[in-house]
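Hi,

Here is the model I promised to pass along.

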Amino acid sequence: MRSQLSGITVKEIMTSEFPTIGPEGRAAEALSKMKESGFQEIPVVENGNYLGMASYGSILRKGSVTPDTKVKNFIRNLPTLSMDTEITKIAEHIIANNCRQLAVINGKKIIGVVSRSSLTKVAAGMKILKDIKVWEIMTTPVESVREDGMLDDALEIMRKLDIMTVPVVDSNIMPIGIVGMKEIIDNHWKTETKSFGDFKKSSKAQITIESIYHGAVKTIEWDATIGHAASLMEENRFSTLPVVDGKELVGILTEFDIVELISASREREALFVQISGLDDEDKFYTDAMYADIEAEMTKISKIYRPQSLTIFVAKYHDAGNKNKYSLSGRLFIHGTVIDLKEVGWDLVKVNSDLMKKMGQQVTAMKDSNVSFRKRKK
C-alpha cells in the first residue's frame with residue numbers, strides 16, 4: 001500500500017475551491033456555508049492568513065454555541081499540510097484529530113484543502129484494496145435509530161460516539177436511510193436561537209426521524225471489497241455506507257475507516273496509538289490506560305509487529321448517576337484488522353480487559369497460521 005501511495009502528491013488530491021469565514025463571522029453563517037459547500041470544516045481566515053477550522057464537530061461538542069456566537073469562539077487548531085506532506089501522514093493527522101478537512105499552507109496563506117473524500121478517491125483506484133474485504137475494517141455492532149424515533153435520539157448517538165451520521169432502520173432492522181448533522185442543523189436552527197446545549201428542551205427535538213432522514217441510501221455487502229466500497233462512496237459522494245448481509249444491517253463503513261486503513265500503512269518506528277472520546281474528568285486515567293496498552297503491545301510485538309491502535313471511549317449513564325464505559329478498539333497488525341469492544345463500570349479495567357482480549361486474539365491468529373503451515377507441509 002505504501003508503494004502505491006508514494007507517487008501521489010498533495011497537489012493531485014487537494015482542492016483549491018473552498019469556502020472561508022472570518023473569526024468575527026457568526027456561527028449561523030458558518031453553518032450555512034457548510035451546508036452549501038458540503039464541507040464540514042470551514043477554514044477561518046483573517047487578512048489572508050489561516051487561523052484554523054470551524055466545524056460541525058466543534059459546535060456539537062461545545063454545546064453553548066448559538067447562531068450569533070462568533071466563529072473565533074470555536075476555532076479548531078488542526079495540523080496543517082505542505083505540498084510535500086506524505087499521503088499516509090495526512091491520513092494519520094485526520095485519524096488523530098477526527099477531522100474531515102485539513103488546510104494546505106504556503107507560509108501563512110491557505111492554498112488548498114485535503115479532505116477524507118480526497119483520500120477515499122485515492123483508495124478507489126488502489127489495486128491492493130481489491131484484496132481487502134469490507135468486513136475486515138467495518139465497525140460492528142453499529143448504532144442506529146428507528147424511523148419512528150426522534151431527532152434527539154440521533155443527536156445523542158452523535159454526541160456519544162463523536163460521529164456525524166447515523167443509519168436509519170425500519171422495524172425489521174433493515175437500513176432505509178441516513179440521518180446526519182445536516183438534518184440536525186436544518187431542523188433546529190431555521191428559526192431557533194437556542195444553543196445545542198438546550199436542544200433537548202426544544203420542541204424541534206421531538207421531530208420524528210422518518211420526516212427528515214435522507215432516504216437515497218446505498219448499502220454494501222459485508223464480503224464486497226474495500227476498493228468497490230471506496231468507488232461507491234466516491235461516485236455518489238457518500239461518507240457512510242451501511243453494511244448488510246442480505247437485508248440485515250451488520251455494520252457500518254465510513255470514509256474514516258478507509259482513511260484509517262491508509263494511516264495504518266504508514267512506516268513508523270513506534271506504534272501509533274490514538275485514544276479518543278475521553279471527557280476532561282476521565283483524562284486523569286490516561287497514564288494508567290497507556291501503561292496497560294504498552295504492556296500488552298510489548299507482548300504482542302513478540303508475535304507480530306503492530307502497526308496502529310485506535311481506541312474510542314463512549315460513556316453513558318446506565319443506572320442512576322453511575323457512568324458505564326464502552327471501549328471500541330481497532331488494531332492493525334500483520335495485514336489484519338482486529339476489532340473488539342469491551343463494556344464495564346471501571347474505565348481502567350475495561351481498557352485492561354480490552355487489551356487482554358487483543359492479546360488473546362493475536363495469539364489465536366498466530367496458532368491458526370502455524371496450523372495452516374503444518375497442514376500445507
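I'll start with Glu 248, which sits in strand 11, the stretch covering residues 248–254. Keep in mind throughout that this is a predicted model.

**The sheet and its charged patch**

Strand 9 runs parallel to strand 10 (residues 240–245), and 2 bridges join them. If you want a landmark there, Glu 221 stands opposite Val 244 of strand 10.

Glu 221 also turns up in a surface patch of negative charge, together with Asp 223, Asp 245 and Glu 248.

**Helix 10**

Next along is helix 10 (residues 255–264), which is largely enclosed by the rest of the structure because 9 of its 10 residues are buried. The buried set includes the nonpolar Ile 258, Val 259, Leu 261 and Ile 262. Glu 255, Asp 257 and Glu 260 are among the buried residues of this helix too, in case you are thinking about charges.

Ala 103 faces Val 113 of strand 5 across the pair. Here, too, there are 2 residues between the strands, and Gly 107 takes a positive phi near 70°. Strand 5 (residues 109–115) is mostly covered, with 5 of its 7 residues buried.

Asn 47 is not a glycine, yet its phi is positive, at about 55°. You'll find Asn 47 in the loop that links strand 1 (41–46) and strand 2 (49–55). Is Asn 47 buried or exposed? Its relative accessibility is 70%, so Asn 47 counts as exposed.

Ile 173 is the other one: again a residue other than glycine, with a positive phi near 60°. Ile 173 is placed in the loop between strand 7 (165–169) and strand 8 (175–180). With 40% relative accessibility, Ile 173 counts as partly exposed.

**Salt bridges**

How many salt bridges does a search of the whole structure find? The search gives 16. Side chains of opposite charge can pair when their charged atoms come close.

- Glu 29 and Lys 33 meet through their side chains at 3.8 Å, N to O. Both lie in helix 3 (residues 27–37), 4 residues apart, which is about one turn of the helix. Glu 29 is partly exposed, at 35% relative accessible area, and Lys 33 is partly exposed as well, at 24%.
- Glu 92 and Lys 89 form a salt bridge at 3.0 Å, N to O. Helix 5 (residues 87–97) holds both of them, 3 residues apart, or about one turn of the helix. Glu 92 is buried, with a relative accessible area of 10%, while Lys 89 counts as partly exposed at 26%.
- Asp 148 pairs with Arg 146, and their closest N and O atoms are 3.5 Å apart. Asp 148 is partly exposed, with a relative accessible area of 45%, and Arg 146 counts as partly exposed at 36%.

There is also a network: Glu 86, Lys 89, Glu 92 and Arg 266 are joined into one by salt bridges that share partners. The pair of Glu 92 and Lys 89 listed above involves two of its members.

Cheers

How values were computed. Residues numbered from 1 in each chain as written. Predicted model: local features only at pLDDT ≥ 70, side-chain atom pairs only at ≥ 80, totals over all residues. Heavy atoms only, no water. Patch = residues over 30% accessible without salt bridge, like charges linked within 9 Å, V, L, I, M, F, W, Y side chains within 5 Å. Areas by Shrake-Rupley, 256 points an atom, 1.4 Å probe, with all protein chains shown as cover. Salt bridge = Lys/Arg side-chain N within 4 Å of Asp/Glu carboxyl O. Lys, Arg positive; Asp, Glu negative; His and termini not counted. Charge placed at Lys NZ, Arg CZ, Asp CG, Glu CD. Buried < 20%, exposed > 50% of the residue type's maximum accessible area, 1.4 Å probe, protein only. Pairing = 2+ DSSP bridges.
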